Amino acid sequence: MERLGTGIGWRPAIAEAVEAMAGIEWVEVVAENVCPGHLPDSLRRLRERGVAVVPHGVGLGLGGAERPDPVRLAALAERAEALGSPLVTEHIAFVRAGGERTASRGLEAGHLLPVPRTREGLAVLCENVRIAQDQLPVQLAVENIAALFSWPDEELTEGQFLYELADRTGVRLLIDVANLHTNHVNQGEDPAAALDALPLEALAYVHVAGGFERDGVWHDSHAHPVPEPVLAVLAELASRVRPPGVLLERDERFPSAAELEAEVAKIRRTVAVAGRDRVPVGAAARPGSVPASGAGAATGPVADEAARTRLALGQTALLSALVAGTPAPEGFDRGRLRVQSRMLTAKRGSVVASLAPELEQILGDTYRPRFLRYAAGRPLTGGYRADALAFALHTLREEPPAERAVRRALRDWWIERSGRASLVGRPWARWARVARFALLGR
């Protein structure tokens, strides 16, 4: 595997700090947040300096019941080519459910949700990964996720599940040590045991991130400093193998450039110190170890349509409980599902606010409680931009602000963003104005 070195997640809010940071050898970008034909100037400058850029996808849903969407795959491939990336990464998760296979409406989680660690779930995931690898121009690596809950009747530990996945498909692994710590706190899974089971010869790179604990639950926030327990898991990994790359993830509540640089330096030191007594990975490799690429990997059982349908029904029932208020499926921890449901709604409100910051500016302190009331029983079925428009229209119709100026500002925002503003100045503009007021009930 190509050595990447030490890196940081590139985000627009810290673009200048990343460019000025000493010792940064590569960066990672959220694939869905970049446009291949209009790359940010900061990324172009980094590439010209020889800094590698890796696109990190969040929307494929490789752990879902359906085969990967060809359109999403093509978009991910396009970004890898536009960035000249050495590899592309995604998650071992499902992000949507429902639809034709289950004769139900499609639902979007807006978040990465765990897949069942069963033989059947593994077979579906392996086939999806093979499909993705065949359509991507560079090597694929997949990431373990943080989870608040687990599926009932699981048959494999996390380490076993990841080993089987890599062994059957030849896919590379992106190991997030913060997620291993999260699963330790939330589900009692031993990070060292998981590392012992992993095929570390398949390691592509490592994520490191911060979080916080509340009421016995670890929240993988990507908005806090990396804590010592996460660095300890990183040290455990680095004592077993030299990671080809290590990257700091930070998505919000960004500290100063100096603090970010200090955190990257601490990660670099942790890896260096832990590696002094490292056993060479070749000495620890097992018989039947993972192939160097997808070629020649064992295939294992192939998922049939019946298996996909069973998985689809289970994932749809779970996601419906999380986002639509239906009863929790049997065998799940209802308390943990309630926590996850609240987190999904809060994240949804935050994403809408980041995409449409004017909504929070117009509604002020009432934005959050209003959005929570709106989202209750209204699952995300499309994109976040459509969600922002739907929220604004719902507010105007069902819960209009008392202040006339606020109502007017919200109404004008909705009209402009929904395309109604294009009527202004045309012969029928007066009619459109009357119809608009009738529609909004104002």
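Predicted model: local features only at pLDDT ≥ 70, side-chain atom pairs only at ≥ 80, totals over all residues.
**Exercise 1. Decide whether His-222 is buried or exposed, and locate it.**

Solution. 
- The relative accessible area of His-222 is 11%. Buried means under 20%, so His-222 is buried.
- His-222 belongs to the loop between strand 11 (217-219) and helix 8 (228-238).
- Its phi is positive, near 60°, and His-222 is not a glycine.

**Exercise 2. Compare the span of helix 11 with its expected value, then find what covers its buried residues.**

Solution. 
- Helix 11 covers residues 305-323, which is 19 residues.
- From first C-alpha to last, helix 11 reaches 26 Å. At 1.5 Å a residue, 27 Å is expected, and the two values are close.
- List the buried positions. Among them are Ala-307, Arg-308, Leu-311, Gln-315 and Val-323.
- Find the cover. It includes strand 5 (94-99), strand 6 (104-113), helix 4 (119-135) and helix 12.
- Look past the end. Gly-325 follows helix 11, with a positive phi near 80°.

**Exercise 3. Repeat the span check for helix 16.**

Solution. 
- Helix 16 has 14 residues, 404-417.
- Its C-alpha span is 20 Å, close to the expected 20 Å.
- The buried residues are Val-406, Leu-410, Arg-411, Trp-413, Trp-414 and Ile-415.
- After helix 16 comes Gly-419, whose phi is positive, near 95°.

**Exercise 4. Describe how helix 12 packs on helix 14.**

Solution. 
- Take the geometry. Helix 12 (residues 334-355) and helix 14 (residues 367-375) have axes 10 Å apart, at an angle of about 120°.
- Apply the classes. Roughly perpendicular runs from 65 to 115 degrees, and roughly antiparallel is over 145. Helix 12 is therefore oblique to helix 14.
- Helix 12 passes helix 14 in a right-handed crossing.
- Name the contacts. From helix 12 they include Thr-345, Arg-348 and Val-352; from helix 14 they include Tyr-367, Phe-371 and Leu-372.
- Sort by class. The contact of helix 12 with helix 14 has 8 nonpolar, 3 polar and 2 charged residues.

Key
Residues numbered from 1 in each chain as written. Heavy atoms only, no water. Helix = DSSP H or I, 4+ residues; strand = E, 2+ residues; numbered from the N terminus. Expected span 1.5 Å × (residues − 1). Buried < 20%, exposed > 50% of the residue type's maximum accessible area, 1.4 Å probe, protein only. Axes fitted to C-alpha atoms, helices over the stretch in contact; angles between N-to-C directions. Parallel < 35°, antiparallel > 145°, perpendicular 65-115°, else oblique. Left-handed = near helix turned anticlockwise from the far one by under 90°. Contact = heavy atoms within 4.5 Å. Nonpolar A, V, L, I, M, F, W, Y, C, P; charged D, E, K, R; others polar.
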